[in-house]
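This report covers helix packing.

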Amino acid sequence: MKVLLLENVHAVAQETFRRHGFEVEVRAGSLGEAELIEALQGVTVVGIRSNTKVTRAVLDAAPDLRAIGCFCIGTNQVDLDHATALGVGVFNAPFSNTRSVVELVIGEILALARRLPEKTQRMHDGVWDKSAKGAYETRGRTLGIVGYGNIGTQLSNMAEAIGMRVAFFDTADRLAHGNAQRMGSLEELLEESDVVSLHVDGRPGNAGLFGAEQFARMKPGAVFINASRGMVVDDMALREHILSGHLSGAAIDVFPVEPKAQGDLFESPLRGLDNVILTPHVGGSTEEAQEEIGTFVSSKLSAYILDGATALSVNLPDVAPAPREGSFRIALLHRNVPGVLASINRTLAEAGANVIGQSLATRGELGYVVTDTDDHVTPETLASLRHVAEAVHLETWHLDSSD
């Protein structure tokens, strides 16, 4: 079984896979569609971060691929619907880098309030510019958080701890933390906030969410931060509002188009602007976060490939079957319609198989059932299960003491 890891996934993931008997290939950068198709031949698991796109064409051209690991929070770089239709499991790390992103944003809020980016640059240029003009404390100022999920809520708590007022807007019904105030609309939040920080996901509906109209609604002198998704923001509109003086600063960690590999040329209309912090998509790039992500995702992928466990999968029903040493395990992903489980058990009963354990879960249009028997099931019986009308994908394992 072969694993391909791209985009500098932490070395702990390599160690986890090798410990479980996988062959591991590592590449530093991301791959385009044609390159990825070529690289995935014979690959069982691919590990990516945010820059590699696993498209429908890639999935169709990778018959050996059984699982995708997104070593990050987002999964919008994967065609989830098509992966699901092919029975390819997708796993991510929804919580592992939350603290790292929040600490970066807090640091940027403080740095922009004191205009540290331009102060630092002038010192490097040999200019002594000791002035309080445009420098403020953050205490008592309002932070507006757009997107109040895992990162947004932790940012809310930390911002309150340094004395900021917190307002938030989310299209979902979210419980306010601490003294945070929920706003009825994005427009209301923009008009009230001294700092606006985006923490939305990469769903297609969020593309172009923040443009000239939204920047114009922000308070004069406000600060803008985006550590969510590059495609959410019109960077040219942001440039215009920085140059006009309407906004006093910005910090951007994600971009609509990002270089594929370390050291490649970075282009952006935001380069060269005063009091603008540009970072190369490093919100979750701390040693602690990347090690945690590497451990978490590789462990979930290994459990899926080695014994069929789908716990915390992004796209498959959640099943965590108990280990049963010496048993024969059959995992069947199927369309979620009545009668499938009865059909499976009838087929096994007619073959004389003794079922010693069974776990079933459904998720939308899919069902996933893991069945353990006390002896190997014949190829003919497995062929019958594969030909169940609702079957999507079937895998088998013999669970012995070496697993």
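## H12 against H13

In H12, Ile-344, Thr-347 and Leu-348 meet Thr-381, Ser-384 and Leu-385 of H13. Contact means heavy atoms within 4.5 Å. By class, this contact has 3 nonpolar, 3 polar and no charged residues. Ala, Val, Leu, Ile, Met, Phe, Trp, Tyr, Cys and Pro count as nonpolar, Asp, Glu, Lys and Arg as charged, and the others, Gly among them, as polar.

H12 spans residues 340-350 and H13 residues 379-386. Their axes lie 10 Å apart, at an angle of about 165°. H12 and H13 are therefore roughly antiparallel to each other. The crossing is right-handed.

## Model and terms

The model is predicted: local features need pLDDT of at least 70, side-chain atom pairs count only at pLDDT 80 or more, and totals for chains, interfaces and linings use all residues. Residues are numbered from 1 along each chain as its sequence is written, and side-chain values use heavy atoms, with hydrogens and water left out.

Helices are DSSP runs (H or I, at least four residues), numbered from the N terminus. Angles run from 0 to 180 degrees between N-to-C directions. Under 35 degrees is roughly parallel, over 145 roughly antiparallel, 65 to 115 roughly perpendicular, and the rest oblique.

## H5 against H7

H5 (residues 98-113) packs on H7 (residues 150-161) at about 50°, with axes 9 Å apart. That makes H5 oblique to H7. H5 passes H7 in a right-handed crossing.

The H5 residues in this contact include Val-101, Val-102 and Ile-106; those of H7 include Ile-151, Leu-155 and Met-158. By class, the contact has 8 nonpolar, 3 polar and 2 charged residues.

Conventions: Helix = DSSP H or I, 4+ residues; strand = E, 2+ residues; numbered from the N terminus. Left-handed = near helix turned anticlockwise from the far one by under 90°.
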